[in-house]
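Hello,

Below is the structure I said I would pass on.

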Protein chains: 2
Amino acid sequence: MCELLGMSANVPTDIVFSFTGLMQRGGRTGPHRDGWGIGFYEGRGLRIFQDPRASSESEVAQLVQRYPIKSEVVIGHIRQANVGQVELANTHPFVRELWGQNWCFAHNGQLAGFTPAAGFYHPVGDTDSEAAFCDLLNRVRSTFREPPLIGQLLPVLIAACTDYRRLGVFNALLSNGEWLFSFCSTKLAHITRRAPFGPAQLKDAEVCVDFQAETTPNDVVTVIATEPLTANEQWTTYTSGEWKLWRGGELQAAGRALDC
Amino acid sequence: MCELLGMSANVPTDIVFSFTGLMQRGGRTGPHRDGWGIGFYEGRGLRIFQDPRASSESEVAQLVQRYPIKSEVVIGHIRQANVGQVELANTHPFVRELWGQNWCFAHNGQLAGFTPAAGFYHPVGDTDSEAAFCDLLNRVRSTFREPPLIGQLLPVLIAACTDYRRLGVFNALLSNGEWLFSFCSTKLAHITRRAPFGPAQLKDAEVCVDFQAETTPNDVVTVIATEPLTANEQWTTYTSGEWKLWRGGELQAAGRALDC
(Lines give C-alpha, C1' and ligand atoms only; values in the text may rest on other atoms or scores of the structure.)
Protein backbone atom coordinates (compact mmCIF):
# COMPACT_ATOMS: atom_id res chain seq x y z
CA MET A 1 0.00 0.00 0.00
CA CYS A 2 1.07 3.52 -0.71
CA GLU A 3 -0.09 6.77 0.81
CA LEU A 4 -1.73 9.65 -0.98
CA LEU A 5 -1.82 13.34 -0.16
CA GLY A 6 -3.95 15.91 -1.93
CA MET A 7 -4.76 19.56 -1.34
CA SER A 8 -7.28 21.94 -2.84
CA ALA A 9 -7.38 25.56 -1.66
CA ASN A 10 -8.93 28.87 -2.64
CA VAL A 11 -5.64 30.75 -2.23
CA PRO A 12 -2.08 29.59 -2.84
CA THR A 13 -1.34 27.65 0.34
CA ASP A 14 1.78 26.18 1.87
CA ILE A 15 1.40 22.39 2.32
CA VAL A 16 4.70 21.91 4.18
CA PHE A 17 2.90 20.90 7.38
CA SER A 18 0.96 18.02 5.82
CA PHE A 19 3.92 17.04 3.66
CA THR A 20 6.13 16.81 6.76
CA GLY A 21 3.68 14.36 8.29
CA LEU A 22 3.45 12.27 5.16
CA MET A 23 7.22 12.11 4.69
CA GLN A 24 7.67 10.46 8.10
CA ARG A 25 5.66 7.51 6.82
CA GLY A 26 8.22 7.04 4.08
CA GLY A 27 10.55 4.76 6.04
CA ARG A 28 10.17 6.12 9.56
CA THR A 29 6.66 5.80 11.00
CA GLY A 30 5.48 3.84 7.94
CA PRO A 31 6.84 1.17 5.59
CA HIS A 32 6.73 3.18 2.36
CA ARG A 33 10.42 3.16 1.55
CA ASP A 34 10.25 2.96 -2.23
CA GLY A 35 10.10 6.56 -3.26
CA TRP A 36 7.90 9.56 -3.04
CA GLY A 37 6.76 12.42 -5.21
CA ILE A 38 4.73 15.58 -5.00
CA GLY A 39 3.32 17.88 -7.67
CA PHE A 40 2.50 21.53 -6.96
CA TYR A 41 0.48 23.53 -9.45
CA GLU A 42 1.69 27.09 -9.86
CA GLY A 43 -0.82 28.70 -12.17
CA ARG A 44 -0.83 26.57 -15.30
CA GLY A 45 2.63 25.24 -14.48
CA LEU A 46 3.26 22.09 -12.48
CA ARG A 47 6.33 21.59 -10.34
CA ILE A 48 7.22 18.01 -9.53
CA PHE A 49 9.67 16.84 -6.90
CA GLN A 50 10.34 13.11 -6.85
CA ASP A 51 12.82 10.67 -5.45
CA PRO A 52 12.99 6.90 -5.74
CA ARG A 53 14.61 6.89 -2.28
CA ALA A 54 12.75 6.76 1.05
CA SER A 55 11.27 10.15 1.81
CA SER A 56 12.54 10.15 5.38
CA GLU A 57 16.11 10.04 3.99
CA SER A 58 15.70 12.11 0.84
CA GLU A 59 17.59 15.37 0.48
CA VAL A 60 14.99 16.56 -2.04
CA ALA A 61 12.25 15.89 0.53
CA GLN A 62 14.18 17.99 3.04
CA LEU A 63 14.30 20.84 0.53
CA VAL A 64 10.54 20.64 0.01
CA GLN A 65 10.03 20.76 3.78
CA ARG A 66 12.22 23.87 4.07
CA TYR A 67 10.88 25.61 1.00
CA PRO A 68 7.38 27.05 1.40
CA ILE A 69 5.99 26.50 -2.08
CA LYS A 70 2.45 27.87 -2.23
CA SER A 71 -0.05 26.16 -4.43
CA GLU A 72 -3.81 25.84 -4.93
CA VAL A 73 -3.68 22.18 -5.92
CA VAL A 74 -1.19 19.56 -4.73
CA ILE A 75 -0.91 15.82 -5.33
CA GLY A 76 1.61 13.79 -3.33
CA HIS A 77 2.42 10.12 -2.92
CA ILE A 78 4.77 7.84 -1.03
CA ARG A 79 5.35 4.41 -2.42
CA GLN A 80 5.69 0.85 -1.22
CA ALA A 81 6.54 -0.96 -4.42
CA ASN A 82 4.28 -3.76 -5.59
CA VAL A 83 4.47 -3.61 -9.35
CA GLY A 84 7.56 -2.20 -11.01
CA GLN A 85 11.10 -1.68 -9.78
CA VAL A 86 12.14 1.12 -7.48
CA GLU A 87 13.18 3.73 -10.02
CA LEU A 88 12.27 7.26 -11.02
CA ALA A 89 10.08 6.17 -13.94
CA ASN A 90 7.87 4.22 -11.51
CA THR A 91 7.54 7.07 -9.02
CA HIS A 92 4.22 8.92 -8.66
CA PRO A 93 2.72 11.38 -9.39
CA PHE A 94 2.50 10.90 -13.15
CA VAL A 95 1.93 13.79 -15.55
CA ARG A 96 0.60 14.15 -19.07
CA GLU A 97 -0.46 17.15 -21.10
CA LEU A 98 -4.08 17.08 -22.25
CA TRP A 99 -5.67 20.03 -24.12
CA GLY A 100 -2.80 22.27 -23.07
CA GLN A 101 -3.24 21.43 -19.37
CA ASN A 102 -0.97 19.47 -17.10
CA TRP A 103 -2.93 16.49 -15.78
CA CYS A 104 -1.42 14.93 -12.67
CA PHE A 105 -2.29 11.57 -11.10
CA ALA A 106 -1.35 9.40 -8.13
CA HIS A 107 -2.74 6.00 -7.13
CA ASN A 108 -2.74 3.76 -4.12
CA GLY A 109 -3.58 0.10 -4.66
CA GLN A 110 -3.02 -2.70 -7.11
CA LEU A 111 -4.87 -3.83 -10.21
CA ALA A 112 -4.87 -7.53 -11.16
CA GLY A 113 -4.62 -8.54 -14.82
CA PHE A 114 -4.91 -4.99 -16.09
CA THR A 115 -4.36 -4.95 -19.85
CA PRO A 116 -5.70 -1.67 -21.18
CA ALA A 117 -6.24 -1.07 -24.90
CA ALA A 118 -3.43 0.80 -26.63
CA GLY A 119 -4.07 4.49 -27.10
CA PHE A 120 -2.30 7.74 -27.53
CA TYR A 121 -0.78 7.92 -24.06
CA HIS A 122 1.70 5.19 -23.17
CA PRO A 123 3.23 4.43 -19.80
CA VAL A 124 6.94 5.23 -19.48
CA GLY A 125 7.46 2.91 -16.49
CA ASP A 126 6.04 -0.45 -15.43
CA THR A 127 3.41 0.38 -12.81
CA ASP A 128 -0.24 -0.55 -13.12
CA SER A 129 -0.88 2.96 -11.77
CA GLU A 130 0.67 4.74 -14.73
CA ALA A 131 -1.04 2.28 -17.10
CA ALA A 132 -4.40 3.15 -15.51
CA PHE A 133 -3.66 6.88 -15.77
CA CYS A 134 -2.82 6.56 -19.47
CA ASP A 135 -5.94 4.46 -20.07
CA LEU A 136 -8.09 7.01 -18.27
CA LEU A 137 -6.66 9.84 -20.40
CA ASN A 138 -7.11 7.78 -23.56
CA ARG A 139 -10.77 7.27 -22.63
CA VAL A 140 -11.26 10.98 -21.95
CA ARG A 141 -9.53 11.91 -25.16
CA SER A 142 -11.51 9.47 -27.28
CA THR A 143 -14.79 10.64 -25.72
CA PHE A 144 -14.25 14.39 -26.16
CA ARG A 145 -12.63 16.21 -29.04
CA GLU A 146 -12.61 19.48 -27.14
CA PRO A 147 -12.29 20.16 -23.40
CA PRO A 148 -15.70 19.28 -21.92
CA LEU A 149 -17.47 20.91 -19.00
CA ILE A 150 -16.68 19.20 -15.73
CA GLY A 151 -20.27 17.93 -15.57
CA GLN A 152 -19.71 16.11 -18.85
CA LEU A 153 -16.28 14.84 -17.84
CA LEU A 154 -17.24 13.43 -14.43
CA PRO A 155 -19.25 10.41 -15.69
CA VAL A 156 -16.27 9.35 -17.82
CA LEU A 157 -13.88 9.62 -14.86
CA ILE A 158 -16.25 7.74 -12.57
CA ALA A 159 -16.89 4.96 -15.11
CA ALA A 160 -13.14 4.49 -15.61
CA CYS A 161 -12.42 4.43 -11.86
CA THR A 162 -15.26 1.96 -11.33
CA ASP A 163 -13.71 -0.34 -13.94
CA TYR A 164 -10.26 -0.12 -12.33
CA ARG A 165 -11.74 -0.81 -8.91
CA ARG A 166 -13.19 -4.07 -10.24
CA LEU A 167 -9.59 -5.21 -10.77
CA GLY A 168 -8.35 -4.54 -7.27
CA VAL A 169 -7.74 -1.54 -5.07
CA PHE A 170 -8.01 1.89 -6.63
CA ASN A 171 -7.69 4.96 -4.44
CA ALA A 172 -6.66 7.85 -6.65
CA LEU A 173 -6.18 11.58 -7.01
CA LEU A 174 -6.37 13.36 -10.35
CA SER A 175 -6.14 17.05 -11.22
CA ASN A 176 -5.86 19.37 -14.20
CA GLY A 177 -4.76 22.25 -11.96
CA GLU A 178 -8.30 23.61 -11.53
CA TRP A 179 -10.22 20.80 -9.91
CA LEU A 180 -9.03 17.86 -7.80
CA PHE A 181 -10.90 14.58 -8.33
CA SER A 182 -10.60 11.93 -5.63
CA PHE A 183 -11.81 8.33 -5.80
CA CYS A 184 -11.88 5.97 -2.83
CA SER A 185 -11.81 2.24 -3.24
CA THR A 186 -10.73 1.32 0.29
CA LYS A 187 -9.16 4.19 2.18
CA LEU A 188 -9.24 7.98 1.91
CA ALA A 189 -10.08 10.80 4.29
CA HIS A 190 -10.35 14.55 4.07
CA ILE A 191 -10.47 17.61 6.26
CA THR A 192 -11.60 21.08 5.21
CA ARG A 193 -10.06 23.85 7.26
CA ARG A 194 -11.67 27.30 7.34
CA ALA A 195 -12.09 30.12 9.86
CA PRO A 196 -11.95 29.97 12.81
CA PHE A 197 -8.65 28.16 12.34
CA GLY A 198 -7.03 26.39 15.25
CA PRO A 199 -3.84 24.52 16.03
CA ALA A 200 -3.12 21.14 14.47
CA GLN A 201 -0.80 18.43 15.77
CA LEU A 202 0.83 15.99 13.35
CA LYS A 203 0.41 12.32 14.21
CA ASP A 204 3.74 11.30 12.70
CA ALA A 205 6.15 13.97 13.90
CA GLU A 206 6.56 16.34 16.80
CA VAL A 207 5.17 19.21 14.79
CA CYS A 208 2.32 21.51 15.67
CA VAL A 209 1.10 24.42 13.56
CA ASP A 210 -1.26 27.22 14.43
CA PHE A 211 -3.20 27.71 11.23
CA GLN A 212 -4.68 30.95 12.54
CA ALA A 213 -1.25 32.55 12.31
CA GLU A 214 -0.76 31.21 8.78
CA THR A 215 -4.10 32.04 7.18
CA THR A 216 -6.59 34.80 6.49
CA PRO A 217 -10.27 34.51 7.51
CA ASN A 218 -11.37 33.76 3.93
CA ASP A 219 -9.01 30.84 3.32
CA VAL A 220 -10.53 27.44 2.63
CA VAL A 221 -8.12 24.53 2.46
CA THR A 222 -9.04 20.89 2.00
CA VAL A 223 -6.44 18.20 2.62
CA ILE A 224 -7.03 14.62 1.48
CA ALA A 225 -4.92 11.73 2.72
CA THR A 226 -4.98 7.96 2.90
CA GLU A 227 -5.16 8.24 6.67
CA PRO A 228 -5.71 11.33 8.82
CA LEU A 229 -2.44 13.22 9.28
CA THR A 230 -3.37 15.10 12.47
CA ALA A 231 -4.31 13.80 15.89
CA ASN A 232 -6.51 16.61 17.20
CA GLU A 233 -8.84 17.30 14.28
CA GLN A 234 -11.92 15.57 12.92
CA TRP A 235 -11.28 14.03 9.50
CA THR A 236 -14.08 12.67 7.32
CA THR A 237 -13.58 9.17 5.98
CA TYR A 238 -14.63 8.34 2.43
CA THR A 239 -16.75 5.22 2.04
CA SER A 240 -15.86 2.54 -0.49
CA GLY A 241 -16.74 3.67 -4.00
CA GLU A 242 -17.13 7.29 -2.96
CA TRP A 243 -15.76 10.07 -5.16
CA LYS A 244 -15.45 13.78 -4.46
CA LEU A 245 -14.59 16.66 -6.71
CA TRP A 246 -12.87 19.61 -5.04
CA ARG A 247 -12.31 23.09 -6.39
CA GLY A 248 -10.87 26.04 -4.51
CA GLY A 249 -10.98 24.01 -1.28
CA GLU A 250 -14.74 23.46 -1.54
CA LEU A 251 -16.62 20.29 -2.37
CA GLN A 252 -18.08 20.81 -5.82
CA ALA A 253 -19.64 17.40 -6.44
CA ALA A 254 -19.71 14.00 -4.75
CA GLY A 255 -21.26 10.62 -5.20
CA ARG A 256 -20.76 6.91 -4.95
CA ALA A 257 -19.90 4.57 -7.78
CA LEU A 258 -22.34 1.71 -8.25
CA ASP A 259 -21.15 -1.50 -6.69
CA CYS A 260 -19.51 -3.93 -9.01
CA MET B 1 18.57 35.37 -25.63
CA CYS B 2 18.65 32.42 -23.36
CA GLU B 3 21.41 29.97 -22.63
CA LEU B 4 21.35 26.25 -23.23
CA LEU B 5 23.22 23.43 -21.54
CA GLY B 6 23.27 19.84 -22.72
CA MET B 7 25.18 16.74 -21.71
CA SER B 8 25.55 13.30 -23.24
CA ALA B 9 27.73 10.71 -21.51
CA ASN B 10 28.46 7.00 -21.68
CA VAL B 11 28.15 6.59 -17.90
CA PRO B 12 25.93 8.40 -15.42
CA THR B 13 27.85 11.62 -14.89
CA ASP B 14 27.57 14.48 -12.44
CA ILE B 15 26.95 17.77 -14.27
CA VAL B 16 27.20 20.00 -11.19
CA PHE B 17 30.37 21.67 -12.47
CA SER B 18 28.85 22.85 -15.76
CA PHE B 19 25.54 23.66 -14.07
CA THR B 20 27.35 25.86 -11.54
CA GLY B 21 28.86 27.87 -14.38
CA LEU B 22 25.58 28.23 -16.20
CA MET B 23 23.70 29.31 -13.07
CA GLN B 24 26.00 32.31 -12.60
CA ARG B 25 24.74 33.65 -15.91
CA GLY B 26 21.24 33.68 -14.49
CA GLY B 27 21.37 37.17 -13.02
CA ARG B 28 25.02 37.41 -11.94
CA THR B 29 27.50 37.20 -14.82
CA GLY B 30 24.68 37.22 -17.40
CA PRO B 31 21.29 38.89 -17.88
CA HIS B 32 19.11 35.77 -17.84
CA ARG B 33 17.00 36.56 -14.81
CA ASP B 34 13.71 35.07 -15.90
CA GLY B 35 13.93 31.51 -14.73
CA TRP B 36 15.88 28.37 -15.30
CA GLY B 37 15.30 24.68 -15.57
CA ILE B 38 17.20 21.45 -15.93
CA GLY B 39 16.10 17.94 -16.79
CA PHE B 40 18.15 14.87 -15.79
CA TYR B 41 17.33 11.50 -17.26
CA GLU B 42 17.61 8.66 -14.78
CA GLY B 43 17.02 5.53 -16.80
CA ARG B 44 13.63 6.01 -18.43
CA GLY B 45 12.65 8.54 -15.80
CA LEU B 46 13.20 12.27 -16.13
CA ARG B 47 13.78 14.54 -13.18
CA ILE B 48 13.05 18.21 -13.76
CA PHE B 49 14.08 21.08 -11.52
CA GLN B 50 12.73 24.48 -12.51
CA ASP B 51 12.28 27.91 -11.08
CA PRO B 52 10.82 31.05 -12.62
CA ARG B 53 13.22 33.03 -10.43
CA ALA B 54 16.79 34.00 -11.35
CA SER B 55 19.05 30.99 -11.02
CA SER B 56 21.70 32.91 -9.09
CA GLU B 57 19.09 33.50 -6.33
CA SER B 58 17.13 30.26 -6.52
CA GLU B 59 17.08 27.90 -3.56
CA VAL B 60 16.22 25.02 -5.88
CA ALA B 61 19.31 25.86 -7.98
CA GLN B 62 21.42 25.73 -4.83
CA LEU B 63 20.03 22.27 -4.06
CA VAL B 64 20.94 21.07 -7.55
CA GLN B 65 24.47 22.41 -7.11
CA ARG B 66 24.84 20.56 -3.80
CA TYR B 67 23.19 17.37 -4.91
CA PRO B 68 25.30 15.23 -7.25
CA ILE B 69 22.61 13.80 -9.52
CA LYS B 70 24.22 11.49 -12.05
CA SER B 71 22.72 11.24 -15.47
CA GLU B 72 23.61 10.16 -19.00
CA VAL B 73 21.58 12.89 -20.69
CA VAL B 74 20.89 16.38 -19.35
CA ILE B 75 19.11 19.38 -20.86
CA GLY B 76 19.30 22.74 -19.06
CA HIS B 77 18.23 26.28 -19.85
CA ILE B 78 18.30 29.76 -18.34
CA ARG B 79 15.83 32.25 -19.61
CA GLN B 80 15.67 35.89 -20.54
CA ALA B 81 11.99 36.34 -21.31
CA ASN B 82 10.96 37.52 -24.75
CA VAL B 83 7.65 35.84 -25.39
CA GLY B 84 5.45 34.87 -22.45
CA GLN B 85 5.37 36.05 -18.85
CA VAL B 86 7.84 34.96 -16.24
CA GLU B 87 6.01 31.97 -14.78
CA LEU B 88 6.56 28.27 -14.28
CA ALA B 89 4.49 27.27 -17.34
CA ASN B 90 6.86 29.30 -19.55
CA THR B 91 10.03 27.82 -18.05
CA HIS B 92 12.16 25.39 -20.07
CA PRO B 93 12.84 22.53 -20.51
CA PHE B 94 9.48 21.27 -21.74
CA VAL B 95 8.48 17.62 -21.56
CA ARG B 96 6.00 15.40 -23.36
CA GLU B 97 5.55 11.66 -23.46
CA LEU B 98 5.86 10.11 -26.92
CA TRP B 99 5.74 6.32 -27.47
CA GLY B 100 6.26 5.75 -23.77
CA GLN B 101 9.41 7.90 -23.67
CA ASN B 102 9.95 11.24 -22.00
CA TRP B 103 10.93 13.74 -24.69
CA CYS B 104 12.60 16.85 -23.35
CA PHE B 105 13.28 20.11 -25.19
CA ALA B 106 14.87 23.52 -24.63
CA HIS B 107 15.24 26.41 -27.07
CA ASN B 108 17.19 29.61 -27.35
CA GLY B 109 15.91 32.24 -29.77
CA GLN B 110 12.69 33.74 -31.03
CA LEU B 111 10.33 32.84 -33.84
CA ALA B 112 8.37 35.55 -35.64
CA GLY B 113 4.77 34.92 -36.66
CA PHE B 114 4.85 31.27 -35.69
CA THR B 115 1.35 29.80 -36.03
CA PRO B 116 1.68 26.03 -36.12
CA ALA B 117 -1.16 23.77 -37.17
CA ALA B 118 -3.17 22.29 -34.31
CA GLY B 119 -2.23 18.75 -33.39
CA PHE B 120 -2.27 16.34 -30.56
CA TYR B 121 0.26 18.14 -28.37
CA HIS B 122 -0.73 21.60 -27.16
CA PRO B 123 1.41 24.16 -25.39
CA VAL B 124 0.54 24.75 -21.73
CA GLY B 125 2.25 28.16 -21.59
CA ASP B 126 2.70 31.04 -24.04
CA THR B 127 6.22 30.65 -25.38
CA ASP B 128 7.05 30.21 -29.05
CA SER B 129 9.54 27.60 -27.80
CA GLU B 130 6.90 25.27 -26.35
CA ALA B 131 4.72 25.84 -29.44
CA ALA B 132 7.64 24.75 -31.64
CA PHE B 133 8.27 21.69 -29.45
CA CYS B 134 4.61 20.64 -29.69
CA ASP B 135 4.62 21.22 -33.46
CA LEU B 136 7.78 19.15 -33.83
CA LEU B 137 6.25 16.27 -31.86
CA ASN B 138 3.03 16.54 -33.86
CA ARG B 139 5.06 16.24 -37.06
CA VAL B 140 6.97 13.24 -35.74
CA ARG B 141 3.79 11.59 -34.55
CA SER B 142 1.94 12.16 -37.81
CA THR B 143 4.89 10.83 -39.82
CA PHE B 144 5.45 7.63 -37.83
CA ARG B 145 2.88 5.35 -36.29
CA GLU B 146 5.54 3.37 -34.44
CA PRO B 147 8.88 4.51 -33.03
CA PRO B 148 11.20 4.84 -36.05
CA LEU B 149 14.91 4.17 -36.25
CA ILE B 150 16.96 7.26 -35.54
CA GLY B 151 18.06 7.32 -39.19
CA GLN B 152 14.42 7.62 -40.22
CA LEU B 153 13.63 10.18 -37.55
CA LEU B 154 16.55 12.55 -38.23
CA PRO B 155 15.28 13.97 -41.57
CA VAL B 156 11.98 14.86 -39.89
CA LEU B 157 13.74 16.62 -37.02
CA ILE B 158 16.07 18.49 -39.39
CA ALA B 159 13.25 19.58 -41.70
CA ALA B 160 11.25 20.90 -38.73
CA CYS B 161 14.25 22.77 -37.29
CA THR B 162 15.02 24.25 -40.71
CA ASP B 163 11.46 25.56 -40.92
CA TYR B 164 11.64 27.12 -37.46
CA ARG B 165 14.98 28.71 -38.27
CA ARG B 166 13.36 30.47 -41.23
CA LEU B 167 11.19 32.32 -38.70
CA GLY B 168 13.99 33.62 -36.50
CA VAL B 169 16.61 32.19 -34.20
CA PHE B 170 16.39 28.52 -33.33
CA ASN B 171 19.12 26.95 -31.24
CA ALA B 172 17.69 23.87 -29.60
CA LEU B 173 18.33 20.67 -27.67
CA LEU B 174 16.02 17.66 -27.82
CA SER B 175 16.30 14.23 -26.23
CA ASN B 176 14.29 11.06 -25.67
CA GLY B 177 16.71 9.91 -22.96
CA GLU B 178 18.85 7.86 -25.38
CA TRP B 179 20.13 10.38 -27.90
CA LEU B 180 20.62 14.13 -27.65
CA PHE B 181 19.87 16.10 -30.81
CA SER B 182 21.31 19.62 -31.07
CA PHE B 183 20.51 22.23 -33.70
CA CYS B 184 22.42 25.49 -34.12
CA SER B 185 20.90 28.52 -35.74
CA THR B 186 23.30 31.15 -34.39
CA LYS B 187 25.24 29.98 -31.35
CA LEU B 188 26.18 26.64 -29.86
CA ALA B 189 29.45 25.00 -28.84
CA HIS B 190 30.51 21.62 -27.53
CA ILE B 191 33.40 19.92 -25.84
CA THR B 192 33.98 16.17 -25.58
CA ARG B 193 36.03 15.16 -22.59
CA ARG B 194 37.75 11.77 -22.49
CA ALA B 195 40.97 10.30 -21.07
CA PRO B 196 43.46 11.75 -20.33
CA PHE B 197 41.25 14.08 -18.33
CA GLY B 198 42.66 17.34 -17.01
CA PRO B 199 41.58 20.23 -14.86
CA ALA B 200 38.90 22.66 -16.04
CA GLN B 201 38.34 26.22 -14.87
CA LEU B 202 34.87 27.76 -15.05
CA LYS B 203 34.66 31.14 -16.76
CA ASP B 204 31.77 32.37 -14.64
CA ALA B 205 32.73 31.34 -11.12
CA GLU B 206 35.83 30.69 -9.09
CA VAL B 207 35.48 26.97 -9.52
CA CYS B 208 38.02 24.52 -10.84
CA VAL B 209 37.53 20.78 -11.14
CA ASP B 210 40.04 18.04 -11.81
CA PHE B 211 38.10 15.66 -14.03
CA GLN B 212 40.78 13.01 -13.64
CA ALA B 213 39.77 12.60 -10.01
CA GLU B 214 36.09 12.38 -10.94
CA THR B 215 36.20 9.97 -13.87
CA THR B 216 37.38 6.57 -15.02
CA PRO B 217 39.56 6.14 -18.14
CA ASN B 218 36.62 4.90 -20.23
CA ASP B 219 34.32 7.84 -19.56
CA VAL B 220 33.25 9.97 -22.50
CA VAL B 221 31.30 13.11 -21.67
CA THR B 222 30.13 15.74 -24.14
CA VAL B 223 28.88 19.08 -22.87
CA ILE B 224 27.01 21.46 -25.18
CA ALA B 225 26.42 25.10 -24.29
CA THR B 226 25.44 28.36 -25.94
CA GLU B 227 28.90 29.68 -25.10
CA PRO B 228 31.94 27.81 -23.77
CA LEU B 229 31.70 27.39 -20.00
CA THR B 230 35.39 26.87 -19.29
CA ALA B 231 38.36 29.15 -19.90
CA ASN B 232 41.19 26.65 -20.32
CA GLU B 233 39.71 24.10 -22.72
CA GLN B 234 39.15 24.06 -26.47
CA TRP B 235 35.44 24.09 -27.34
CA THR B 236 34.18 23.47 -30.87
CA THR B 237 31.75 26.03 -32.22
CA TYR B 238 28.78 24.89 -34.31
CA THR B 239 28.27 26.74 -37.58
CA SER B 240 24.93 28.20 -38.53
CA GLY B 241 22.51 25.47 -39.60
CA GLU B 242 24.69 22.71 -38.17
CA TRP B 243 23.07 19.83 -36.27
CA LYS B 244 24.72 17.07 -34.26
CA LEU B 245 23.30 13.91 -32.77
CA TRP B 246 25.02 12.65 -29.62
CA ARG B 247 24.69 9.28 -27.95
CA GLY B 248 26.69 8.02 -25.00
CA GLY B 249 28.95 11.08 -25.24
CA GLU B 250 29.96 10.30 -28.83
CA LEU B 251 28.96 12.07 -32.02
CA GLN B 252 26.66 9.70 -33.86
CA ALA B 253 25.66 11.86 -36.81
CA ALA B 254 26.12 15.45 -37.93
CA GLY B 255 25.28 17.67 -40.86
CA ARG B 256 24.19 21.08 -41.96
CA ALA B 257 20.66 22.12 -42.84
CA LEU B 258 20.25 23.60 -46.30
CA ASP B 259 20.18 27.35 -46.29
CA CYS B 260 16.78 28.90 -46.42
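**Sheet and chain contact**

In chain A, 7 strands form an open sheet in the order E3-E2-E4-E1-E12-E9-E13, with antiparallel pairing. Helices (H or I, at least four residues) and strands (E, at least two) are DSSP runs, numbered from the N terminus, and two strands pair if DSSP finds at least two bridges between them. The model is predicted: local features need pLDDT of at least 70 and side-chain atom pairs pLDDT 80 or more, while totals for chains, interfaces and linings use all residues. Residues are numbered from 1 along each chain as its sequence is written, and chains are lettered from A and ligands numbered from 1 in the order in which they are written.

E3(A) and strand E13 (236-237) of chain A are the edge strands, each pairing on one side only. E3(A) runs antiparallel to strand E2 (residues 36-42) of chain A, joined to E2 by 7 bridges. Within E3(A), A:Gly45 stands opposite A:Glu42. H2(A) lies across E2 and E3 of chain A, at about 135° to E3(A); axes are lines fitted to C-alpha atoms, for helices over the stretch in contact, and angles run from 0 to 180 degrees between N-to-C directions.

The contact between the chains takes 26 residues from chain A and 26 residues from chain B, where two residues are in contact if their C-beta atoms, placed from the backbone, lie within 7 Å. On the side of chain A that touches chain B, strand E3 (45-51), helix H2 (59-66), strand E5 (94-98) and strand E6 (101-108) of chain A each give two or more residues. E3(A) gives the most, with 4 residues.

Regards
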